[in-house]
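Visitor: I would like to go through this model and ask what stands behind the labels.
Guide: Go ahead.

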Amino acid sequence: MRRPAREDLAAQLGPPAETKNTPAGVLWHYRYAAASPDQRSGRIDVIFTLDPVTGKVRRIQGRIFDAALDLEFPDSTPAR
């Protein structure tokens with residue numbers, strides 16, 4: 001499995017709700033909420049940090065339902 005890149009996120013998730021340039025990289029922020037207040041499954045709120053040169057994902061952090069998520073992809077991780 002190869003490390004995801006900007007194009008993969010756009011193809012699978014669509015455009016982000018927010019983008020921001022930071023010293024750590026380009027942040028793509030995605031937010032999803034239940035379609036109805038009767039659904040108690042919670043929210044999905046995830047930020048992808050992208051390498052500004054290669055566009056590859058460096059880090060994924062956020063919350064999926066009630067679980068915290070924090071995955072880091074070191075720069076030395078080879079793309080496959």
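Visitor: What makes arginine 59 and aspartate 70 a salt bridge?
Guide: This is a predicted model, and the closest N and O atoms of arginine 59 and aspartate 70 are 2.8 Å apart. The cut-off is 4 Å between a side-chain nitrogen of Lys or Arg and a carboxyl oxygen of Asp or Glu, so the pair qualifies. Arginine 59 is in strand 4 and aspartate 70 in strand 5, 11 residues apart.

Visitor: Why is arginine 59 called partly exposed?
Guide: Its relative accessibility is 28%. Buried means under 20% and exposed over 50%, so arginine 59 falls in between. Aspartate 70, at 46%, is partly exposed as well.

Visitor: How many salt bridges does the structure hold?
Guide: It holds 3. One of them joins arginine 31 and glutamate 18, with N to O at 3.0 Å. That pair links strand 2 (residues 25-32), where arginine 31 lies, to strand 1 (residues 18-22), where glutamate 18 lies.

Visitor: What makes aspartate 51 buried?
Guide: Aspartate 51 has 12% relative accessibility, and buried means under 20%, so the label holds. Its salt-bridge partner is arginine 58, with the closest N and O atoms 2.8 Å apart.

Visitor: Why is arginine 3 called buried?
Guide: Arginine 3 is at 9% relative accessibility, under the 20% limit, so it is buried. It lies in the segment before helix 1 (6-13).

Visitor: How do you know that the side chain of arginine 3 lies within polar-contact distance of valine 57?
Guide: A polar atom of that side chain is 3.3 Å from the backbone oxygen of valine 57. The limit is 3.5 Å, so the distance falls within it. The C-alpha atoms of arginine 3 and phenylalanine 73 are separated by 8.0 Å, although the two residues are 70 apart along the chain.

Visitor: What is the phi of phenylalanine 65?
Guide: It is positive, about 60°, although phenylalanine 65 is not a glycine. The residue sits in the loop between strand 4 (57-64) and strand 5 (67-72). At 41% relative accessibility, between 20% and 50%, phenylalanine 65 is therefore partly exposed.

Conventions
Residues numbered from 1 in each chain as written. Predicted model: local features only at pLDDT ≥ 70, side-chain atom pairs only at ≥ 80, totals over all residues. Heavy atoms only, no water. Helix = DSSP H or I, 4+ residues; strand = E, 2+ residues; numbered from the N terminus. Buried < 20%, exposed > 50% of the residue type's maximum accessible area, 1.4 Å probe, protein only. Polar contact = N/O pair within 3.5 Å; in protein donor to acceptor, adjacent residues only side chain to side chain.
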